[in-house]
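Let's take a walk through a protein model together. Have the sequence and the 3D view ready.

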Amino acid sequence: MAEAATPARAEAAAARLPPLVVAAERIAATVMQGVHGRRRSGHGDAFWQFRPYTAGDAASSVDWRQSAKADRLFVRETEWEAAQTVLLWRDPSASMQWRSGRDLETKADRADLLLLALASLLLRGGERVRLVQGDRRAFMGRAALPALAMALLRGKAEEQPDLSVPRHARLVMIGDFLQPIPEIQAALSSFAARPVRGQMLQVMDPAEETLPYAGRIRFDGLEGEAPLLIPRVETIRPLYAERLAAHRAGIATMARAAGWGFSTHRTDHPPHAALLALWLALAPQ
Amino acid sequence: MISFAAPWLLLALPALPLLWWLLRVTPPQPRRMDFPAAMLLRDLPLAEETPARTPWWVLLMRILAAALLILGLARPVLGPGGDAGGAGTLLLVVDDGWASGPDWPLRIAIAQAELDRAGREGRPAALLTTAPGEGAAPPRVIGPMPAGDLAPRLAALRPRAWPPERAAALAALEAWTRNEPGRFSALYLSDGLAHHDGVAAEALMARLGPNLTLARAEERPVRLLTPPRAEGDRLIATLRQSPVLLPGEANLIARAQDGRALARASFALGAGATEAQAVLELPTEIRNRVHRLDLAEENGPGAVVLLDERFRRRPVGLLPGAEQGADAPLIGDLFYLERALNPFAELRRGDVERLLARPISVLILADRPVADGPELAALTRFVQQGGLLIRFAGARLAERPDPLLPVQLRAERQLGGSLSWEQPQRLAPFPEGSPFAGLAVPAEVTVERQVLAEPSPRLAERVWARLADGTPLVTAETRGAGRIVLFHVTATAEWSDLPLSGLFVQMLRRLVALSGGVAGTEGEAMLAPLEALDGFGRAVPPPPGAQPLPAAGEVVISARHPPGWYGTAGGEGYRRAVNLGETLPAPTLHAQPPAGTTLRTIATIPAERDLGPWLLAAALLILAADLLVSLRLRGLLLPARAAALALLLVSTPAFAQEQDGQSALVTRLGYVLTGDAALDETVRQGLVGLSDFVNRRTAATLAEPMSVTPGRDDLSFYPLLYFAVRPDAPALDPAATAALNGFMRNGGIILFDTRDEGSGEGFAPGARQALRRVTQGLAIPPLMPVPEEHVLRRAFYLLAELPGRFAGGTVWVSREQDRANDSVSPVVIGGHDWAGAWAVDARGQNLHAAVPGGARQRILAYRFGANLVMYALTGNYKGDQVHVPAILERLGN
């Protein structure tokens with residue numbers, strides 16, 4: 001059934017693609033401007049600095065134009081090009097396809113947007129970007145963003161994540177992390193064994209944080225959990241907040257232990273802040 | 001007192017506690033909600049361990065709703081009517097004659113209540129109406145049948161405009177009791193009158209006993225208005241009524257044919273009085289327009305009197321001494337008479353034979369002797385039969401007196417003049433008892449010549465007017481049913497100044513008012529019913545059973561001859577009014593019912609109310625409230641939705657403002673709604689035509705014009721407003737005035753069009769006053785006629801004149817050069833009906849002819865419109881053309 005639906009889904013995904021890519025690019029651009037002035041190396045082809053010629057340098061590395069301006073010879077030195085592979089993952093589960101209000105994005109949409117914007121930044125920075133699920137190609141160069149987006153949207157939830165992560169790669173996980181702590185722990189420790197370091201970003205709907213409901217409500221989980229009847233929701237609001245905080249603290253502790261970063265994001269907040277935080281966290285120390 | 005139509009349903013009431021229990025144990029349905037973080041909610045220790053319970057007040061509300069439902073379905077009846085006791089068939093006897101009209105709904109309501117009760121008790125019912133039906137069908141007992149089947153027949157009953165036939169009803173009752181020998185109890189709704197057959201009423205009541213309930217309107221008199229009597233300027237109406245204990249009052253209204261009230265008078269009726277009179281003082285012209293008299297508070301045919309020609313037309317025949325020169329200005333015999341009589345009487349001319357061939361009420365002989373023979377005989381017969389013969393003296397009459405004079409004539413005398421010592425005589429005040437009594441005698445009226453009367457013992461009582469020296473000026477004598485009146489002077493100014501004075505007119509008017517009306521064509525011709533009065537006194541088409549009436553003779557009002565109009569068809573045809581009050585006897589009460597009869601009073605609608613629907617409605621309301629409450633409890637009712645619901649319930653349609661959006665998008669012309677749909681349509685078509693012309697000929701692009709109401713619509717989108725001024729336009733309200741002032745201040749132009757200038761003079765009389773009214777609060781600057789060099793004349797076309805549908809009037813613009821507004825005049829005022837000239841229909845054809853006309857005028861009108869639009873859009877931009885010569889000159893230098 002999923003196979004039958006795939007072409008249609010791809011179509012739908014393709015229709016979403018340009019605006020998504022554009023939005024991601026735009027957010028990435030604002031973040032780029034935000035970090036401007038930090039001395040970041042450009043692409044490998046980009047100019048880094050001139051240094052005086054020393055014996056042993058290849059003649060081909062001499063920048064003749066620059067050298068012609070002065071008496072000495074200058075070597076054009078480009079940035080060290082050891083591109084890192086960044087693996088990106090976002091939670092494809094059904095619980096992500098939810099929003100509490102009509103004026104909000106679903107968590108999945110926000111996660112896609114953040115992922116692509118981050119990918120855009122990384123591609124501009126010359127890094128390799130790979131998806132954990134679906135297409136296993138590594139994408140490089142700014143022009144690869146649409147292809148990456150296509151691959152992301154085509155990805156199927158049922159696919160097992162590819163755990164053949166290159167060593168010393170960086171991993172970014174975006175999701176709601178509403179599984180029980182042990183499950184998350186298991187997944188995280190399998191990565192940490194590699195060693196892969198990474199970032200976790202929890203994307204949540206505002207309603208999931210504040211529980212703004214009242215009255216007698218039967219809650220249905222989105223992933224086949226048994227329904228849950230709460231007689232008066234307003235009375236359990238503090239309890240819920242406590243429990244959510246505990247859950248988050250658990251993930252954070254776990255992540256810290258594995259050397260990972262953990263941050264949260266709400267869909268009613270602008271994506272820039274979360275993106276900037278991710279981007280800075282990924283930058284070499 | 002409450003009774004139930006379906007009492008067994010009340011057995012459901014003990015089940016209410018069960019419902020209470022059920023509702024208690026059943027918590028409200030939870031609201032369903034998808035929630036990804038449901039995992040976190042699991043196993044939360046619930047702070048409140050009380051089970052989810054419906055709040056007690058919701059329970060109470062639902063129980064109440066259920067109780068109301070049960071009670072409502074049990075059909076409770078409050079104060080059940082009907083106390084006509086007894087068992088067996090219920091026989092309703094209804095007097096549906098003319099006297100039942102005024103309180104008909106009450107009567108039917110009482111009968112209905114009784115019928116409902118019989119229905120509840122399962123008794124059959126029968127109905128007997130005492131008046132013959134349409135087509136004189138004799139009364140008949142309907143039934144017995146189930147009470148529910150009889151109800152629609154009862155509801156369909158209408159009072160008749162003729163009296164009941166109780167004898168026939170009694171016969172019908174006899175026949176019915178022979179066929180239906182069972183017991184019956186009767187309710188007799190009597191109009192209380194004996195009519196012409198008091199014995200039959202008594203017999204009927206006796207036959208209906210012993211279980212008889214008699215319902216009468218004892219406190220309300222039955223009133224019968226009789227045709228009025230004309231006395232001079234006055235109409236004296238007589239009201240007859242059945243005696244009542246309390247004094248009362250009745251108001252009489254005289255109405256014209258179109259229903260307007262012309263005059264009012266009131267009858268004062270003392271306690272126990274059976275008759276009262278009211279006087280309507282009406283000028284003759286108004287009196288001639290009185291079409292019917294009715295009582296303000298009554299609505300039966302007895303309270304209506306239709307007035308036909310007898311009360312109205314006063315044809316006056318004029319006979320001059322000599323046909324030649326009779327109309328000669330200032331000296332003709334009939335010159336003054338015609339002018340004096342024309343406003344209020346119908347004048348006829350011709351010889352004696354022709355005049356008398358048609359009914360005529362007054363005949364005036366101006367200095368015309370009557371020849372012996374057939375002429376004398378005809379005139380004598382005319383007077384004997386009630387005609388009024390007015391004669392004026394003169395040279396011819398003085399020579400040849402004839403028998404048709406009130407007094408013997410002696411001689412002619414001359415007062416004043418060169419050969420006489422005597423002075424011209426003034427008039428003495430009119431004696432009491434004369435029809436002229438009370439008229440003011442002007443001092444300037446003098447009499448120079450007159451014919452003198454032979455003194456006789458009866459002369460004094462025949463004199464209606466005298467000169468100051470006591471000689472008679474007007475004498476009169478009654479002959480048969482008619483009168484002969486003699487003016488001892490001529491009808492010209494030859495002998496006296498009388499015909500020159502206003503007194504002459506007043507005297508003639510009084511004389512004509514004295515005369516009897518014209519009874520119309522006598523003879524065997526049959527008059528067809530034209531319009532009948534129904535049982536409520538309304539004019540309706542005659543019922544199918546109405547039959548023609550002989551023109552002459554008494555009429556007995558019956559189902560065959562209902563009251564109303566009879567006559568020959570056609571506009572000029574003769575119409576005769578047949579009134580109830582003309583022929584019916586004065587209303588008298590019938591005898592008291594036999595002993596043992598239950599009496600009821602028809603005074604108010606019986607208070608029987610079916611409470612069921614109200615209870616059910618209340619239950620529904622409570623259930624609706626319960627729905628809202630439970631939605632609220634489940635959290636489904638967001639405040640916004642609640643507000644929307646509440647708004648839906650109480651919302652009043654607000655004026656849509658959507659047109660603002662449209663009007664802002666494109667340039668278009670606007671016009672102010674005048675309230676006259678035809679005029680608004682013309683203006684709209686005119687602006688459509690103008691917009692089309694401007695679109696074709698200029699670079700401006702105008703969209704469909706829109707109507708605006710200043711003060712309600714935003715005017716800021718319109719460069720130009722067309723304000724057609726209706727002649728009866730009211731002053732603007734403050735909001736509209738403020739809006740228009742703001743519009744003008746911000747550069748808008750208003751074109752005021754009174755549509756009555758130049759060649760259109762008189763097309764819309766009063767529009768200029770209306771313009772003054774309309775512009776009262778507006779900041780109109782000082783005005784001047786559009787000068788030769790004005791931009792309005794050269795904004796697009798060069799125009800020498802500014803015609804519309806009309807031409808030749810003056811068009812005004814602001815005189816002041818207001819720099820703030822680019823010297824553009826905020827108003828253009830004229831009356832050329834430009835919209836009329838521009839107006840085109842859907843096929844693009846012009847709708848209104850231009851006056852004086854010509855294709856050129858229409859073209860110029862359109863050109864003026866184009867100039868005006870350009871002026872409104874570009875202001876004084878084109879005004880620079882005025883300076884072109886100067887600029888050229890400067891450039892040349």
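Leaving aside its neighbours within four places in sequence, which residues is Leu721(B) in contact with? They are Gly670(B), Tyr671(B), Val672(B), Val708(B), Leu715(B), Phe743(B), Gly748(B) and Ile750(B). Here, contact means that the C-beta atoms, placed from the backbone, lie within 7 Å.

Before we go on, a word on the model and its labels. It's a predicted model, where local features need pLDDT of at least 70 and side-chain atom pairs count only at pLDDT 80 or more, while totals for chains, interfaces and linings use all residues. Residues are numbered from 1 along each chain as its sequence is written, and chains are lettered from A and ligands numbered from 1 in the order in which they are written.

Now for the cores. A nonpolar core is a set of buried Ala, Val, Leu, Ile, Met, Phe, Trp, Tyr and Cys residues joined through C-beta atoms within 7 Å; buried means 20 or more other C-beta atoms within 10 Å of a residue's own. The largest one has 68 residues, and Leu721(B) and Tyr722(B) have the most contacts inside it. Helix α23 of chain B (residues 855–874) gives this core its largest share, 10 residues. Helices are DSSP runs of H or I, at least four residues, and strands are runs of E, at least two, numbered from the N terminus. Another core, of 67 residues, lies apart and includes Ala28(A) and Ile236(A).

So where do the chains touch? The contact takes 29 residues from chain A and 22 from chain B. On chain A's side, α7(A) gives the most, with 5 residues. Strand β8(A) also pairs with β2 of chain B (residues 31–34), in the parallel sense over 4 bridges; pairing takes at least two DSSP bridges. In β2(B), Arg31(B) is the bridge partner of Ile217(A).

Methods: Two residues are in contact if their C-beta atoms, placed from the backbone, lie within 7 Å. A residue is buried if 20 or more other C-beta atoms lie within 10 Å of its own, exposed if 12 or fewer, and partly exposed in between; C-beta atoms are placed from the backbone.
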